[in-house]
Amino acid sequence: MAAFPGPDEADLVDALRRDPAWLPELSVVAVDDTGLVVGHALLSRLRVGEGPGLALAPVAVAPEWQRKGVGELVVRAALVAAEEAGEKLVVVLGDPDYYGRFGFIPAQRHEVSGPFEVPEGYFQTLALPGYDGSPRGLCRYPEPFEAV
């Protein structure tokens with residue numbers, strides 16, 4: 001909760017854990033030397049057109065650990081886990097400068113659109129090695145995202 005201005009993102013993680021979209025093997029945490037969780041990246045199931053995709057959200061890093069590479073570490077680990085699981089496409093809503101370092105590009109380049117209006121370039125996709133041009137189309141996020 002400390003990574004965000006309010007409880008919405010922490011509540012989202014709790015709600016996703018109770019939802020069929022939850023993929024525990026794609027929930028990645030970083031811990032400090034004492035075992036305290038200092039970072040988290042979550043990939044959960046969403047629909048892209050008629051096919052499966054993944055949503056990267058939320059990504060959280062404890063304030064005292066921000067700007068030390070923890071966010072990059074957990075995101076990269078989550079993306080590797082998704083690739084190893086045979087997933088094809090990941091979507092994210094976020095800063096293009098930050099997510100571009102992982103290979104995310106504007107979603108429209110993969111013929112993917114989001115269910116909401118955001119500034120151009122902020123809704124992005126990452127094609128994993130198994131991506132064959134599908135899925136594409138409108139993203140449908142799992143119900144817990146509607147509360148955020």
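Modeller: Let's go through the rings, the strands and the nonpolar cores.

Modeller: This is a predicted model, so local features need pLDDT of at least 70 and side-chain atom pairs count only at pLDDT 80 or more, while totals for chains, interfaces and linings use all residues. Residues are numbered from 1 along each chain as its sequence is written, and side-chain values use heavy atoms, with hydrogens and water left out.

Colleague: Rings first. How many aromatic pairs are there?

Modeller: Seven aromatic pairs. Rings of Phe, Tyr and Trp (its six-membered ring) pair if their centres lie within 6.5 Å; planes under 30 degrees apart are stacked, over 60 edge-to-face, the rest tilted. Tyrosine 98 and tyrosine 99 are edge-to-face, with 4.9 Å between centres and 85° between planes.

Colleague: And why is the pair of tyrosine 99 and phenylalanine 102 tilted?

Modeller: Because their planes are at 45°, with the centres 6.2 Å apart. Tyr98, Tyr99, Phe102 and Phe104 form one aromatic cluster.

Colleague: Is phenylalanine 102 buried or exposed?

Modeller: Phenylalanine 102 is buried, at 8% relative accessible area. Buried means under 20%, exposed over 50%, partly exposed in between (1.4 Å probe, protein chains only). Tyrosine 99 is buried too, at 11%. Tyrosine 98 is partly exposed, at 23%.

Colleague: Switching to strands. How do E2 and E8 pair?

Modeller: Strand E2 (residues 37-48) and strand E8 (residues 137-140) are antiparallel, over two bridges. Strands (E, at least two residues) and helices (H or I, at least four) are DSSP runs, numbered from the N terminus. Two strands pair if DSSP finds at least two bridges between them.

Colleague: Which residue in E8 is the bridge partner of arginine 47?

Modeller: Arginine 140. E8 also runs parallel to strand E6 (residues 112-113), joined by two bridges. There, serine 113 has leucine 138 as its partner in E8.

Colleague: Now the inside. How many residues are in the largest nonpolar core?

Modeller: It has 25 residues, and Leu43, Leu56, Val90 and Phe104 have the most contacts inside it. A nonpolar core is a set of buried Ala, Val, Leu, Ile, Met, Phe, Trp, Tyr and Cys residues joined through side-chain atoms within 4.5 Å.

Colleague: Which element gives the largest share of this core?

Modeller: H2, with seven residues.

Colleague: What does leucine 56 touch?

Modeller: Its contacts (heavy atoms within 4.5 Å) include Leu43, Val75, Val90, Tyr99 and Phe104, not counting residues up to four places away in sequence.
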